[in-house]
Each structure stands twice: as structure tokens, then as C-alpha cells.
Amino acid sequence: MPNAGKSTLIRTVSAARPKVADYPFTTLHPNLGVVRVGPLKSFVMADIPGLIEGAAEGAGLGIQFLRHLSRTRLLLHLVDVSPYSDSSDPVRDVAIIFGELRKYSAALADRERWLVLNKLDLLPEEERAARRDEIVTALDWAGPVFSISALSGEGTGALMQAVMERLEERQQAEAAATAALTEIGANDVQPEDS
Ligand SMILES: Nc1nc2c(ncn2[C@@H]2O[C@H](COP(=O)(O)OP(=O)(O)OP(=O)(O)O)[C@@H](O)[C@H]2O)c(=O)[nH]1
Ligand SMILES: [Mg+2]
């Protein structure tokens, strides 16, 4: 969704400097940033323009930028959970975006997606856990969920670590699968008749 804090997050966790502003559709083109989580560990994050309901039919900036997601391995779905959100219903927002993703591409809708509740700093500390539980229950969300403040940086370090670990895990699994396939392939090769 526009204004959820996507560009703020990439500014906090990388050297990318996209414009951040308090109105929808600030970001008009995708931005890339390198996120470093250790001396030799990094991944590339993409910040894309916000989607709205009807994006698949061209509403807002439309879905023209979704093709930039085709090479991503993990989607972070940022949701503004502050009481001052443009939309007062984050649950509906998440469902809408997922619907638009699905209309665009089944492959993208199937991609691993994590829920990231943003603007935590605008919620009183004692309300945070309840808000999170309420959203997770209403969405019947079984995947990973993180609570952050993209602005203050709270929770973003843990999120970036988790992303790095997940990407490494996936890379290892892919390497193992490739190795297994190579082995099967090698066994299939019949010795030449001499
Ligand atoms: N208090 C608070 N404000 C935030 C946080 N993250 C973003 N904002 C504010 O929310 C507004 C929108 O932030 P952006 O990062 O531009 O949002 P975006 O998702 O990139 O928006 P689009 O590019 O329009 O899709 C700005 O005024 C930010 O300062 C946060 O964690 N806490
Ligand atoms: Mg933006």
C-alpha cells in the first residue's frame, strides 16, 4: 500500500536514498539497496511503488512494476498499523494487495511472503502485542510476522538478520537439490560401448 513506509525501510537498512513523504505514490520507480548484515553477508532489497485496489486493472500506478519482483526470492509485505494510517483497516489492506498479486501472477502470489507491521512507534507499547495478535488472527496468517518501526529502526535489525538467514537456507537447499540432480544425471550416463 502507498505510505506504508517501504522507502523509509530501505533508507534505514541500506544506503539507498529514495524520497520519503507523507503522501501516497511518492515512489514512482523501484529502488534497489544492498543490505549488509555482516562483514561478508548481504542481500539486495527492492522498494517498489505502492499498490492499491484495482492495480491489476491499472488503478494508481498499476502493476507495471510488479515485473521487477519476478527475480525476488522473498516478499516483505509492509503494513501501516498506526492509528493514523490512511486506511483504518490493515487486514483489508493485506487482503487487497494479495488479491492484486494473484491477479498479476500466480507465481508471485505463491512466493514466500512475510508480514511486516510498521510504524510501531506510533502505537503505545502496551497496545502493540494485542494489535499484532488481532491482525494475525483476522488474516488467519500462519507465516512469519515482524513488528518494526522503519523510522526509528526498531526491529529492523532482527528482520534483516532473519531475511539473510532465510535466503541462505534457501540457497543451501537449492545447491543441495542441484547437486542431487547432477548426481542422478551422472548415474544416468551409460558407459560407452568399447
Ligand atoms: N512514525 C513513523 N512514520 C513512518 C514510519 N515509516 C514511515 N513513516 C512515514 O510514513 C510516510 C510514508 O513513508 P514512505 O517511506 O514514503 O512510504 P512508502 O511506502 O514508500 O510510500 P509510497 O512510495 O507512496 O508507496 C512518511 O511520512 C514517513 O516518514 C515509521 O516507522 N514510523
Ligand atoms: Mg516509497
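Asn31 is positioned opposite Asp47, a residue of strand β2, in a predicted model in which local features require pLDDT of at least 70, side-chain atom pairs count only at pLDDT 80 or more, and totals for chains, interfaces and linings use all residues. Residues are numbered from 1 along each chain as its sequence is written, while chains are lettered from A and ligands numbered from 1 in the order in which they are written. Strands β1 (residues 31-38) and β2 (residues 41-47) run antiparallel and are joined by seven bridges; two strands are taken to pair if DSSP finds at least two bridges between them. Strands (E, at least two residues) and helices (H or I, at least four) are DSSP runs numbered from the N terminus.

An open sheet of three strands has the order β3-β4-β5, with parallel pairing. Its edges are β3 (75-80) and β5 (145-147), each of which pairs on one side only. On average, neighbouring strands of this sheet are turned by 25 degrees against each other, direction ignored; axes are lines fitted to C-alpha atoms, for helices over the stretch in contact, and angles run from 0 to 180 degrees between N-to-C directions. Strand β4 (residues 113-118) is connected to β5 by three bridges, and Val116 stands opposite Phe146 in β5. Helix α4 (residues 125-139) lies across β4 and β5, at about 150 degrees to β5, contact being defined by C-beta atoms, placed from the backbone, within 7 Å.

Ligand 1 is surrounded by 23 residues, the closest being Gly5, Ser7, Thr27, Gly50 and Leu151; a residue is near a molecule if its C-beta atom, placed from the backbone, lies within 6 Å of it. Helix α1 (residues 6-13) contributes the largest share of this shell, three residues.

Notes: Two residues are in contact if their C-beta atoms, placed from the backbone, lie within 7 Å.
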